[in-house]
Every structure is written in C-alpha cells, then in structure tokens.
Amino acid sequence: MNRSFAHTFFIFFILLFFVQCKSKHELPAGDPGNGGLFLPGDFEAVVVADSVGPARHIAVNENGDIYVKLRYSKPGMGGNLALRDSTGDGKVDIIKRFGEYSNQGSLSNAMRIHNGYLYFASELVIYRNKLTPGKLVPESNMEVVLTDDHPHGSHWHITKPLSFDDQGNMYVPFGTPSNSCQDLDNKPAGIPGVPGRDPCPELEQHGGIWKFDASKTGLTQKDGKRFATGIRSVVAMDWNPDDKNLYVVMHGRDDLHLLWPEKFSPWQSAVLPAEEFQRVKEGDDFGWPYC
C-alpha cells in the first residue's frame, strides 16, 4: 500500500474493532456501512474515533484504554493520544494528548504495552512511561530506552517499531538510508543510473533487526546483537508467543515512477514492489539489496 494513502486512511478511519456476528452479544454492533469499509463474510466494524490525526501504531490496555502513536509530536501537546470509552458503547468519549519529544522528521511510530510500561518512539529515540492503574494518561517521567546515535541526519528509514519476546528480549529494526545501496557519498540519493554497491556497507549497522535486553534503558545499537539482516525498512513487527517467532512487514524500495517515469506508472509505483510479510528467525538474511 502506498504509505501516503495509508496515513490518510488512518486519519479518517482509525481504531476499528472488527467483530463477527456471533460475538454481537459481547461487542457493539457494527456501524451502518461499516464506516465505509468493505469487509468479508460476517465481519463488522465500529469507528471508535475518527479525525484524530495521522496515526501510525496503536496499543490497547487490558482495561480497554487505547494508546495511539501519532506521526509527529507538536510542541506543548505531545505525539501520543490516550483514548477511553467511559460509557461502554464502543465509542471513545475521552481523548488526551501527551508525550512531548523532539522530531527528526514526521515518521514517528511504535506503540507497545509491556510489563506495565507504555513504549513509543520518535524517529531516533524509544521512550517509555510507567502506566498507573486506573489512570488514562501516564503520570511518570518519560525514560529513554534506546537512542539511534548514527550520524545519518535525515536518513530515510529511521522509524522504530519494537516488539518483545517472552525471554526478556526487545527487538528494534535499523532501516537503510537508500533504496538499493546506491553510492550516496558521491551522488544524490536515488538518481537513475547510480549503481548499488556490492558488498553493501550499509548492512554493517542498518538493514536489519537488533536484539536487546528488555530490562535495560539508555541503550544504543552497540548494546544489542544483530538478530537478522537484509531487511530494508520494517514498518510493523510483533512476536508470536504461540510459535515463538518474530514477524515483520518489510517495505521494499520505492519511488519507481519518480526515478523512471517512462517505465512505471504512478499506480505501479504505489504497489510495486509489494510489502513482504516475513517470519524472522535469528541469523536470517532476507537478501536486501541483492539476492
């Protein structure tokens, strides 16, 4: 899916609960027209909240409170939303904004609840707040869990989704600063005809997932271990406790129409290459930028 389209989509239809008809006695009935979505079979959708802004990731607490990672933090307002349905009708009636931090662009993401902490990230820093039972907005001070200390400036793929396994480990991707390892030192990024470098030096510290001790804070990349490589840009990630594996969605190269308009239409550029859903095991190499 084209990323700009995806962000626009979330602005209007954010936080959707999908319910099958057999569960109607437990959850509210779907909205008329399912909020404008086309759904399969007996599934329905409830628009819990809309027009909240460009959302990236969400997490739901055990009591039903919803936490949303927005695309960027606004000064004096923060980059996160806390939402609560206090009436039980399936519609959010309390919305609070919190979590102020510095932006390095507009691609902040990650929202995760783990061991009583709420984790979220700017482009280069992962933060956490201790959740207070019964309180919608965390009252604790923000802690810095991990800092991406590479001198890459406006490096393209610096989002920090994160996940935790059941063995005390935290997983964080470090995306690549190019489409296919072009020689960015000597040519502007992405100019047609600029060859990719082989072997690719970006893979030493980028293009993969690193594993960290989840009990520690103040981390940098050197405190972790490379878990897998050959992965250009992770946009979503989660640990499956049933099969004990990490799963990610990887965004491949883009800008095909921008670089070669005579070869790729805007539509082809939006859908090619397709995002890949990957099961990632320790030591895996998914081949970016060459197979």
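**The disulfide and its surroundings**

Cys181 and Cys200 are linked by a disulfide, with 2.1 Å from S to S. Keep in mind that this is a predicted model. The rest of the briefing goes topic by topic.

**More on the disulfide**

- In case the term is new: a disulfide is a covalent bond between the sulfur atoms of two cysteines.
- How many disulfides are there? The count comes to one.
- Cys181 and Cys200 both sit in the loop between strand 12 and strand 13, so their bond ties together parts that are 19 residues apart in sequence.
- The torsion about the S-S bond of Cys181 and Cys200 is about 95°, which makes the disulfide right-handed.
- Is Cys181 buried or exposed? Cys181 is buried, at a relative accessible area of 0%.
- Cys200 also counts as buried, with 9% relative accessibility, a value under the 20% cut-off.

**Cis peptide bonds**

- Some background first: most peptide bonds are trans.
- Going from Asp198 to Pro199, though, the peptide bond is cis, and its omega is near 5°.
- Where is Pro199? Look in the loop between strand 12 (169-174) and strand 13 (208-213).
- Another cis peptide bond runs from Leu272 to Pro273, with omega near -15°.
- Pro273 belongs to the loop between helix 3 (266-271) and strand 17 (276-280).

- Four strands, in the order 3-4-5-6, make up an open sheet with antiparallel pairing.
- Why do strand 3 and strand 6 stand at the edges? Strand 3 (55-60) and strand 6 (94-98) each have a single partner strand, so one side of each is left without a neighbour in the sheet.
- On average, neighbouring strands of this sheet are turned by 25° against each other, direction ignored.
- Five bridges pair strand 3 with strand 4 (residues 66-74) in the antiparallel sense.
- If you want a spot to look at, find Ile58, whose bridge partner in strand 4 is Val68.

- Strand 9 (residues 125-130) and strand 10 run antiparallel and are joined by four bridges.
- Ile126 stands opposite Leu146, a residue of strand 10.

**Positive phi values**

- As a rule, most residues other than glycine have a negative phi.
- Ala110 has a positive phi, near 80°, and is not a glycine.
- Ala110 is part of strand 7, and at a relative accessible area of 1% it is buried.
- Asn115 isn't a glycine either, yet its phi is positive at about 50°.
- You'll spot Asn115 in the loop between strand 7 and strand 8 (117-121).
- Is Asn115 buried or exposed? Asn115 counts as exposed, with 62% relative accessibility.

**Aromatic rings**

- How many aromatic pairs does a search of the whole structure find? There are nine.
- Tyr101, Phe120 and Tyr127 come together as one aromatic cluster.
- The ring of Tyr117 has the charged end of Arg128 sitting over it, 3.7 Å from the ring's centre.

Conventions. Residues numbered from 1 in each chain as written. Predicted model: local features only at pLDDT ≥ 70, side-chain atom pairs only at ≥ 80, totals over all residues. Heavy atoms only, no water. Pairing = 2+ DSSP bridges. Helix = DSSP H or I, 4+ residues; strand = E, 2+ residues; numbered from the N terminus. Phe/Tyr/Trp six-rings, centres within 6.5 Å; stacked < 30°, edge-to-face > 60°. Lys NZ or Arg CZ within 6 Å of the ring centre and 35° of its normal. Buried < 20%, exposed > 50% of the residue type's maximum accessible area, 1.4 Å probe, protein only. Axes fitted to C-alpha atoms, helices over the stretch in contact; angles between N-to-C directions. Disulfide = S-S within 2.5 Å.
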